[in-house]
Each structure stands twice: as C-alpha cells, then as structure tokens.
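Welcome! Have a look at it first, and then read on.

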Amino acid sequence: MSAVVSVAGIRKTYGSTVAVDDVSFEVVEGEIFGLIGPNGAGKTTTMECVEGLRRPDRGAISVLDLDPIRDVYALQQRVGVQLQEAQFQKRIKVWEAVDLWGALYRTPADGARLLDQLGLADKRDAWFMTLSGGQKQRLFIALALINNPDVVFLDELTTGLDPQARRAIWDLVRGIKDRGKTVFMTTHLMEEAERLCDRVAIIDRGRIVDIDTPAALVARHCPERTVLLTTADAGAEERFRATRAVDNVIRAETRFTIRGHGDDFVTEVIRCLSDHRIHVADFRTETPTLEDVFLKVTGHSIRD
Amino acid sequence: MLRGLWKLTWLELKIFAREPLGLIGTLLIPPLSVVVLGRIFGRIPSASPRLSSFVTVDLPVFAAVFTALNAVQSLVTIVSIYREGGILKRLRATPLRPQTILSAQVLVKLILTAATLALTVLAGRNVLRISIDLHLISFAAALLFSTLSILSIGFLLASLVPTARFAQPVASLVLYPMLFLSGLFFPVDGLPAGLQIVARVIPLRYAVSLLKGIWVGEAWLAHAGDVAALVTVAVVFAGLSARVFRWE
C-alpha cells in the first residue's frame, strides 16, 4: 500500500491565528481516510493545502508524488475536488456544469452516465438554484468524478443535509471507493466517520491528536464497556459485583448499569447470568463511539 | 485553455440571458433613453444649434458611456456574488487558469456592450432618423476599448467591496459621479479650478473625449492622448487589482 497523500509537519496561520500546526498524516491508496474534528479545528485549511488552493507556511505535502502548489495543473487532472459549501451560478443547468467540467480535463468520464449513476438524469435541464441540498451535493460529486480521478477530496460533504439524503450520499462515497479510488474526506459528524472511514485522524485546535481505524481508536481510548439490563432477582447485584472484569454496578430499582473493561467483560456478565439463573427482562450493551473518543482525547465535546 | 475560455464565456452569456430583468436593463435602457430623450429634445421647433448637437452628438455619446458604466457595474456585482457564493473558488480548483476565469467575465461584458450599441444605433437610425455614417466600426472599437479600460476599475472595486450586497451601491457611487466631471454635460474648462484638477484624473473623461471625437469623425491620431490615458488606466488598475483581488 503506497501513500497517495503525504502531509509532513504543515503549519498555516491567518494573521495571529494558528489554523493548523505541525499536522502530519498519510492517506493510503484505496482507503477512505477521514479528517475529523469540530468546526474551526483546521480540517478545511488542511484539505485546501493538500488541494493546492492554499500554501502552507511550513511543512511538505505530496499528492500522487506531485507538489500541490508547483504541479497544480498536473495534479488537477488526477484529483477530484468537492469544496465545502460551494455554490454555482443560480441559473446554470446541471448538464451545462457537467459539460463545462468535462471540457476542462484530458480524460473526461461520460457525463451523462455519471448523472445517471448519481440519480440526476431527470435533473439534467434543471437550474442549479432549483436543486435540493442533496441534489446539489450529488452534482458536486459528479463534477469531482468527471476526470476519472485517482483521489477524491470531499470536504464536509453532508453538512446541512437531512438524514435520508445523508445516507444516500454515504452509499455514493462507498461506491467511489469500490471503483478503486482513494477518498480523503473531512467531517464533523462522528457517525459519518464511523460508518464510512477506514482510518481517521482526529484534529482539534489545529493539531492532530491521534490516527487509526475507528475501532482501534475506540479500543485504545475508551476500552470500557457498559451492559444495561433489567432484572427483578434480589441477589443479582451481589453476583454482578463479584463478577470478573466488572468495575462498578449502578442499580435503580430493577434496572442495572454495569460497567467494565476488556474483551471478556460482556461474556463474563452473560456467564454470570447463566450460572446463577438470573432472569433478565431486558439486556443490551453499549460500546463507546468516536464521539466518546473525541471527548476523552481532547477533554471537550465535539459539539462545543 | 482557449476551449475553456470560449465555453465559459458562452455559458455565462446564456446564464445572463436567463435573468430577464438584468438582460432587459442592460440591452434596452440605452436605446430607450436615446429614443425618449431624442424625441423630447428633437421635437422642439427651430432647435438651437446647441440643442440639435445635443441630440446628434451628446446623446449618442451619453448612451455609449452609460452602456460602458453599466457593464462595469454589472461586472462588480457578478464578481462579488461569485466570490461570496464560492463560485470563483470552485472554478479555480479546476484546470481553468485564473486569468481565463476573469477574461470570460470581461468578454461577456464586451459582447453585451457591443450588442447594446447595435440596438442603440438601430433605434436611433429607425426611430429618430439620426443619420449615422461610416464611423460606426470605429466608434464601436472606441466604445469597446473604453469599456475594457474602465472594466479594470471594476476589478479593483470588486476586490474592495466587502460583500455582494454592497457591490451595486458602491459601484454606482464610484462610477456615476464620474459622469458629471467627464465633460459630457458641461465642458471641463468651465469648472472651478479645484474640480478641473479632479476632472483631469477621472478616467471617464478620456473615454468621453475619445468617443465624442470618433463620433463626429475625428481621427484616432487626434485622440492619441486619450488612448494613452485609457491604456494607463487599464494597466494601473489591472495591476492594482492583481495585487488585491480576492478569490474568496
């Protein structure tokens, strides 16, 4: 697996504000890599440096072994770009945008087929201003794919979309990956990152906090697990407390919240229930999410 | 990137034509004002030489200058709307060169200026029966050249206006007062000394002088000074714009 994007120690300041500081990471061929963090964390600045739209004050970037600033025109032929909160001319027609974009690249994809694949075929004569939020984003994805790029950059792709449109877009992004392309995306939605990304880099206040697969990040930073169950068994509390891997038990009438750690924790709780023939009316486990990881590693919620 | 330039220009023209109010305002106001004002002043019996020269010289030149200013104002508005909407940034993230993106906007304005001039001439010829002889190509060239020069001021304005909402009013405030000191309505020589100095640095003055001269049949050579001034304006303002132009 070779690195498609390689960022080494970049720093970018706007006046006295440090937007991005000492950021390093690599995006590997064929993966969906996510840069995740709250608004203002430096995601877009980092991505725009990688795209060659901004010049970092310090550090080195290479994309497909090209320099995004020096080789910008060579690079543009091989990457697809979707910008955050981009707009078009209100009265441009969908097919006109696709037609213009296609004319700008040396090896354009079939625009009509792209529109078809992205569910925009019946919108080809519609003005941009009449499209819904999801349709606009699908058009931007179509334009990002028009040159058959090796890498696709997606910046806050689903911001402002309703859950249904968001899920449709997620399927499209997986489709991009299935075509063998590398995807580098940013998002402040942890659920989106968890569902889409093979690996994520957590960025906060301009700095990378950690990089790994979502599962590994959760295992590393939030190893604790929770079992929630309901039982009327009077002796259950004592049994739970005596179970290996259990850290604490909270009881509210018949409802129990059992916290523990380690891979065996849930199995141990189930064994305890089985061994002591404890009758449960309800049983469910809670696994920490990237949102919990973010809180743990940065000390504040991503929603702040 | 000539193909991109042509495609973008053609696309921008089509998009412009889809906004009826803007299209009508741009293409029809100059010919209509020529017809209406020409009718009003041309009908006065035994018109004095001053009045008749108003209809046959000042009015056409005014319509031409107005067309040019309209183009500049429209450019400022469009560039600031495109910047605010991220359209400029989006175009810039394609293989289109920055100069291609901006040249397309200039070309659109020049094409619309030429079309407006054609309509104005047709209106003047058919409705007012103003005789127009063979200076027309020359006059069109003078108008396009003047427009191009003043458009460079438009790029500077487009860089300086903070948001698209301010674009139109700011452009009007800067551009239209220039009309009064341009020598179009009253001769610059008759102005107070202070205003005369101001009038000398107003770019529009040179455009008016060139257009008037070409309209009445003077040679381009006689207006070499105006041409030089307009070239200077274009170079200076394009240079300034290149330094301060913001894509986002």
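We can begin with how chain A is divided up: its domain assignment gives domain 1, covering 3-219, and domain 2, covering 223-287. Keep in mind that you are looking at a predicted model. How far apart do the C-alpha centres of domain 1 and domain 2 of chain A lie? The answer is 44 Å.

Next, look at where the chains meet. Chain A brings 20 residues to the contact, while chain B brings 17 residues. On the side of chain A that touches chain B, the elements giving two or more residues are α2 (72-76) and α3 (94-104) of chain A. Of these, α3(A) gives the most, with 5 residues. The table sorts the residues on that side of chain A by kind.

| Kind of residue (chain A side) | Number |
|---|---|
| nonpolar | 12 residues |
| polar | 4 residues |

Now let's zoom in on one residue of chain B. B:Arg92 sits in helix α4 of chain B, which spans residues 87-92. Why is B:Arg92 called partly exposed? B:Arg92 has 18 other C-beta atoms within 10 Å, and it takes 20 or more to be buried and 12 or fewer to be exposed, so this residue falls in between.

Which residues does B:Arg92 contact, leaving aside neighbours within four places in sequence? They are B:Pro98, B:Ile101 and B:Trp247. Take B:Trp247: B:Arg92 and B:Trp247 are 155 residues apart in sequence, yet their C-alpha atoms are 8.3 Å apart in space.

Terms used
Residues are numbered from 1 along each chain as its sequence is written. Chains are lettered from A and ligands numbered from 1 in the order in which they are written. This is a predicted model: local features need pLDDT of at least 70, side-chain atom pairs count only at pLDDT 80 or more; totals for chains, interfaces and linings use all residues. Helices (H or I, at least four residues) and strands (E, at least two) are DSSP runs, numbered from the N terminus. Two residues are in contact if their C-beta atoms, placed from the backbone, lie within 7 Å. Ala, Val, Leu, Ile, Met, Phe, Trp, Tyr, Cys and Pro count as nonpolar, Asp, Glu, Lys and Arg as charged, and the others, Gly among them, as polar. Domain bounds come from an automatic or database domain assignment.
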